[in-house]
Amino acid sequence: MAVKKTQRRMKKSVTNNGRADLRPIGVIRSTIKKRSEAPKQGSEGAPDAWLELKSFAAEGLDGIKAGDEILVLTWLHEARRDVLKVHPRSDPNRALTGVFLTRSPDRPNPLGLHRVTVREVARNGLRIGPIEVIDGTPVVDIKPALSCVADD
């Protein structure tokens, strides 16, 4: 009986019934407090910020060092999820475009993808930048930024 329950739990965790469950691993602590203050891209004047990890995830920083480039995946918690077309860069002179061809935060699943440089490593987080997200933005993952190098 216990084996069947375990197998059902394992199967459920693998298939997850077609759902995507995200668990934040941390939060961004930034000087940007309102969405209207955030630049469109990090390279357009965004500040550095602290990526504060939850205690269960802190061990995952092992090996990351200052100077590394990483990808930070965020949940853009103030985004609208009912938007499928936008004027790129919020410019009404640009034609309406499907959100999947833009970096608009407003989209069905508002995941943010940010290539940043690690400035400092602390026990429970990273100082990173530049990053254009607002204070309190949940972080859902961190990945290494891989460079493509052509073989001669």
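Analyst: What follows begins with the chain as a whole, then turns to the pocket, and ends with the core.

This is a predicted model, in which local features need pLDDT of at least 70 and side-chain atom pairs count only at pLDDT 80 or more, while totals for chains, interfaces and linings use all residues. Residues are numbered from 1 along each chain as its sequence is written, and side-chain values use heavy atoms, with hydrogens and water left out.

The protein chain has 1 helix and 8 strands, where helices (H or I, at least four residues) and strands (E, at least two) are DSSP runs numbered from the N terminus. Buried residues, meaning those under 20% relative accessible area with a 1.4 Å probe and protein chains only, make up 34% of the 152 residues.

The largest pocket has a volume of about 840 Å³. A pocket here is an open set of points on a 1 Å grid over the protein atoms alone, where a 1.4 Å probe fits, with protein on both sides within 12 Å along at least five of seven lines; lining residues have an atom within 4 Å of a point. The volume is the space filled by probe spheres set on the points, which are joined across faces, edges and corners.

The pocket is lined by 32 residues, and Lys40, Arg103, Ser104, Pro105 and Asp106 lie nearest its centre. The lining divides into 13 nonpolar, 10 polar and 9 charged residues, with Ala, Val, Leu, Ile, Met, Phe, Trp, Tyr, Cys and Pro counted as nonpolar, Asp, Glu, Lys and Arg as charged, and the others, Gly among them, as polar. Strand β6 (residues 111-122) gives the most to this lining, with 4 residues.

The side chain of Asp106 reaches the backbone nitrogen of Arg80 at 2.7 Å. Leaving aside neighbours within four places in sequence, Asp106 is in contact (heavy atoms within 4.5 Å) with Arg35, Ala79, Arg80, Val83 and Val99.

Technical notes
A polar contact is a pair of N or O atoms within 3.5 Å; within protein, one must be able to donate a hydrogen and the other to accept it, and residues adjacent in sequence count only if both atoms are side-chain atoms. Buried means under 20% relative accessible area, exposed over 50%, partly exposed in between (1.4 Å probe, protein chains only).
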